[in-house]
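Biologist: Please take a close look at a single part for me. I would like to follow the sheet and what surrounds it.

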Amino acid sequence: NIKIDLTIICKNILDHYAELISTKELILEIDFQEKLEVTMNETLAEILVSNLIQNAIRHNVQGGKIRLKTSVNSLSISNSGDPLSIPESDLFVRFRKSETTSESMGLGLSLVKSVLDVYRYTITYEFSNNLHTFKLTF
């Protein structure tokens, strides 16, 4: 485990998904406050951020928005979209799928939760103003 800057990881992953973001005509809003350094395995950090960004793209609407915001000890990833079609309590349950889509919500969020649990970091979810927001606190 080393100190890594999550803002750099976020930028690299956004670059990786640039074509997908463009195809869906998503608007990116990035509000990074300096660096966000966390102590963890770099590969796990990449998987964590990648899963959340993938989720924000997959469950977004055409022409919607994705917002990434950091503070001193947190990263928030938000995306526009319809309200959840599953109970909020099932979000981090393995293989739980939405009834309205065949797209799996499979392992992504449960994996994110598991990685955060290992480091005793937390994740919260909120839906407000048609934005789904996952906030990681370190």
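**The sheet and its surroundings**

Modeller: R120 lies in the loop between α4 and β6. Keep in mind that this is a predicted model. R120 has a positive phi of about 60 degrees, although R120 is not a glycine. With 76% relative accessibility, R120 is exposed, because exposed means over 50%.

Five strands make up an open sheet with mixed pairing. Their order is β2-β4-β5-β7-β6. The edges are taken by β2 (27–31) and β6 (122–128). Each has a single partner strand, so one side of each has no neighbour in the sheet. From one strand to the next, the twist averages 15 degrees.

Now take one pair. Strand β4 covers residues 65–70, and strand β5 covers residues 74–80. The two pair in the antiparallel sense over five bridges. Here L68 stands opposite I77 in β5.

Two helices pack on the sheet. Helix α1 (residues 6–16) touches β2, β4 and β5. The direction of α1 makes about 160 degrees with that of β4. Helix α4 (residues 108–118) touches β6 and β7 (131–137). The direction of α4 makes about 140 degrees with that of β6.

One more loop deserves a look. E34 is found between β2 and β3 (37–40). Phi of E34 is near 50 degrees, a positive value in a residue other than glycine. E34 has a relative accessible area of 74%. Exposed means over 50%, so E34 is exposed.

Methods:
Residues numbered from 1 in each chain as written. Predicted model: local features only at pLDDT ≥ 70, side-chain atom pairs only at ≥ 80, totals over all residues. Heavy atoms only, no water. Pairing = 2+ DSSP bridges. Helix = DSSP H or I, 4+ residues; strand = E, 2+ residues; numbered from the N terminus. Axes fitted to C-alpha atoms, helices over the stretch in contact; angles between N-to-C directions. Contact = heavy atoms within 4.5 Å. Buried < 20%, exposed > 50% of the residue type's maximum accessible area, 1.4 Å probe, protein only.
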